[in-house]
Amino acid sequence: MSTTDIGNFNSLAAGRQAAAEHEVPAPSAATDGPAWSNMKAPDARSQQSAAVVITNGRRALKVFLSNPNALFGTAFLCFVIIVALIAPILYPDDPLSMVGRPFLWPGQNSAFPLGTDSLGRDVLAGILHGSRISLFVGLMATALGLTFGVLVGSTAGYFGGWIDDVLVRLIEIFQTLPSFVLLVVLVAIAQPSATTVTLAIAIISWPTVARLTRAEFRAIREKDYVVAARSLGYGHARIIFREILPNALPPIIVTSSVMVATAILMESALSFMGLGDPNVVSWGSMIGTGRELVRTAWYLTALPGLAIVFTVLALNLIGDGLNDALNPRFSQDR
Amino acid sequence: MAALLQVDNLTIRFPRAEPVRNLSFEINQGETLAIVGESGSGKSLTALALMQLLPRAAQIPNGRIAFGEQDLTKLNARGMRQLRGRDIAMIFQEPMTSLNPVMTIGRQIAEVLKVHEKLSSKAARERAIELLKLVRIPAPEKRVDDYPHQLSGGMRQRVMIAIAVACKPKLLIADEPTTALDVTIQAQVLDLLDTLRRELQMAVVLITHDLGVVAQWADKVVVMYAGRKVEQALPDDLFNDPLHPYTRGLLAASPRLKHDFHYRDGALTEIPGSIVSAVGETGCPFRPRCNQARASCGHHVPQLIVPAADRLVACPFTTSSKAVPHAAALSH
């Protein structure tokens with residue numbers, strides 16, 4: 001090969017030196033704006049973002065509110081929450097007390113719009129008061145399970161190595177036990193009460209969150225922006241909570257809404273088997289007591305069942321809506 | 001003036017390979033050092049070693065990375081964290097994936113200022129807008145609240161640069177900063193880097209395989225092959241008079257930048273074989289692909305010799321058109 005072919009490289013190199021000597025004034029001349037005229041040209045993106053000057057929190061809310069399913073879910077959940085809050089005002093008496101003739105069908109007596117059960121207890125009062133225990137158990141158990149699961153999962157996924165090994169073994173111990181059997185055992189050992197049921201549900205539900213969080217963290221910690229964050233000298237906590245966790249959130253949020261639903265179902269199942277708190281009425285215990293009469297008085301199981309179905313459905317719809325709204329990569333396409 | 005960064009005999013070892021061997025170079029304040037080489041030559045690992053961000057399996061069995069008074073290979077994790085982002089910053093190859101997708105660019109710039117300069121949120125946001133202006137993002141007051149997916153690749157790389165220079169680092173490592181960008185954007189980004197280098201008096205380690213970039217923006221060039229430095233020169237000398245057969249091959253394999261060049265004017269030559277042939281080679285790693293290889297090349301790894309002032313080459317048989325007598329060169 002000859003060296004003449006690369007003369008042009010050389011001229012470039014020489015040109016660079018020349019440029020450095022008398023600092024071509026061309027770019028600095030346009031001090032009032034960007035040095036490249038093409039950068040000023042409005043493009044579709046900049047116009048779009050100029051039109052949408054609302055903050056991103058509000059944009060997420062907008063996306064969420066424009067989703068009819070999510071709206072329905074939120075509305076129904078709000079309704080349930082309000083009902084739970086005003087239940088003691090509407091029915092100040094104990095919903096477990098006998099107030100009327102047994103086996104009144106819904107609509108038969110205007111004093112008991114949803115009828116009475118085999119002992120003459122008001123079904124409507126039971127459903128209203130039952131929403132309190134269902135929501136309390138569902139939300140608290142999820143909050144506890146989520147906190148613990150995310151902490152364990154993120155620690156295991158982020159650090160890897162022996163920390164990961166130890167924590168994964170811990171998760172596997174819980175996974176090898178059939179979760180509902182474990183739940184029954186836990187509640188049977190402790191005195192059944194709203195608190196112990198909540199704790200027991202949290203104990204059996206955290207491994208799912210931990211596994212999910214760990215998998216997300218393992219995938220995300222290799223991403224370029226996490227390496228970039230390390231290259232900026234960020235500490236472990238900052239990388240875990242500011243860089244990785246927000247990116248791992250969408251599946252965790254969806255899971256958590258389903259977890260609330262599952263916790264409500266589990267509480268119902270425990271009450272159905274008579275392992276719930278005997279001193280409070282819950283949707284599950286109402287179904288449990290109505291179970292033997294399902295052929296003659298099916299409304300005793302169907303009505304609290306519908307309450308469970310709609311509450312769980314509302315929570316699932318909210319989870320989907322949140323996922324779409326909170327993830328900017330998805331919301332952009334809408 | 002003492003060098004800002006001095007790398008001596010750096011070796012990076014993995015359990016089954018040594019991708020970087022006995023690499024030495026130094027860089028002064030305000031200088032641009034280009035590291036050139038094909039894929040697999042150890043350029044990016046060198047960059048990661050400078051940041052002490054090597055993969056877990058990698059070790060640095062010997063060598064020194066002196067940054068000012070400190071040896072980075074001996075610095076503990078905490079000390080290194082304080083240097084990263086404040087004194088040494090890095091720009092990555094892929095602007096599309098190097099920004100956190102769920103955080104606004106303004107918050108990502110502000111974050112580094114909060115960590116290293118302990119600025120308040122409000123002050124950090126103002127500085128972020130200034131920095132976006134510095135890297136020539138139009139309408140920075142609006143863009144500061146954008147998410148990365150709302151920006152083009154070139155703009156994202158500008159944001160990456162803004163984050164990297166936010167704390168006015170002394171050393172900026174740019175690992176193929178323009179490889180993922182359109183050709184038209186490449187020159188803009190490199191011009192920006194060069195302007196910032198002058199304004200902030202940074203030293204820049206520019207890792208690239210684009211010889212056009214080297215010719216235009218580097219002050220000093222290190223050519224790497226299979227983890228070793230095979231040639232070091234000023235860009236003028238390198239392009240005028242490449243000494244190592246590998247450098248010559250690289251230059252012959254690059255498209256000419258002449259405006260009237262057409263592929264019919266002459267085919268690009270290639271370097272036969274691939275870098276994989278260097279694995280297990282006892283002598284010169286380039287021997288299997290070298291058109292001037294001799295029997296003695298297989299005996300031992302060629303030492304770096306000094307053929308002229310400010311030059312180093314790892315080939316004993318190279319002949320320069322402006323060769324200085326060997327003895328004189330060695331006494332340099």
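Predicted model: local features only at pLDDT ≥ 70, side-chain atom pairs only at ≥ 80, totals over all residues.
Which residue of E8(B) does Ala174(B) stand opposite? In E8(B), that residue is Leu206(B). Residues are numbered from 1 along each chain as its sequence is written, while chains are lettered from A and ligands numbered from 1 in the order in which they are written.

**The four-stranded sheet**

- Let's start with an open sheet of four strands in chain B, ordered E2-E1-E4-E5 and paired antiparallel; two strands pair if DSSP finds at least two bridges between them.
- Strands E2 (17-27) and E5 (70-71) of chain B each have a single partner strand, so these edge strands are left with one side lacking a neighbour in the sheet.
- E5(B) runs antiparallel to strand E4 (residues 64-67) of chain B, and two bridges join them.
- Ala66(B) has Asp71(B) in E5(B) as its bridge partner.
- Helix H1 (residues 43-51) of chain B lies across strand E1 (5-14), E2 and E4 of chain B, at about 65 degrees to E2(B). Such angles run from 0 to 180 degrees between N-to-C directions, and axes are lines fitted to C-alpha atoms, for helices over the stretch in contact.

**The seven-stranded sheet**

- Chain B also has an open sheet of seven strands with mixed pairing, in the order E6-E7-E8-E3-E9-E10-E11.
- Its edge strands are E6 (88-91) and E11 (312-313) of chain B, each pairing on one side only.
- Five bridges link strand E7 (residues 171-175) of chain B with strand E8 (residues 203-208) of chain B in the parallel sense.
- Helix H6 (residues 153-165) of chain B lies across E6 and E7 of chain B and runs at about 175 degrees to E6(B).

**Helices that pack together**

- Helix H6(B) also packs with helix H7 (residues 183-200) of chain B, at an angle of about 15 degrees and with the axes 10 Å apart.
- H6(B) and H7(B) are therefore roughly parallel to each other; angles under 35 degrees count as roughly parallel, over 145 as roughly antiparallel, 65 to 115 as roughly perpendicular and the rest as oblique.
- Among the residues that meet are Ile161(B) and Val165(B) in H6(B) and Leu192(B) and Leu196(B) in H7(B). Residues are in contact if their C-beta atoms, placed from the backbone, lie within 7 Å.
- The contact of H6(B) with H7(B) divides into eight nonpolar, three polar and one charged residues. Here Ala, Val, Leu, Ile, Met, Phe, Trp, Tyr, Cys and Pro count as nonpolar, Asp, Glu, Lys and Arg as charged, and the others, Gly among them, as polar.
- In another pair, helix H3 (residues 105-117) of chain B packs against helix H4 (residues 121-134) of chain B at about 120 degrees, their axes 8 Å apart.
- H3(B) and H4(B) are therefore oblique to each other.

**Two domains**

- Chain B is divided into domain 1 (5-226) and domain 2 (243-258 + 292-332), with bounds from an automatic or database domain assignment.
- The C-alpha centres of these two domains of chain B lie 30 Å apart.
- Four residues of domain 1 of chain B are in contact with seven of domain 2 of chain B.

Key: Contact = placed C-beta atoms within 7 Å.
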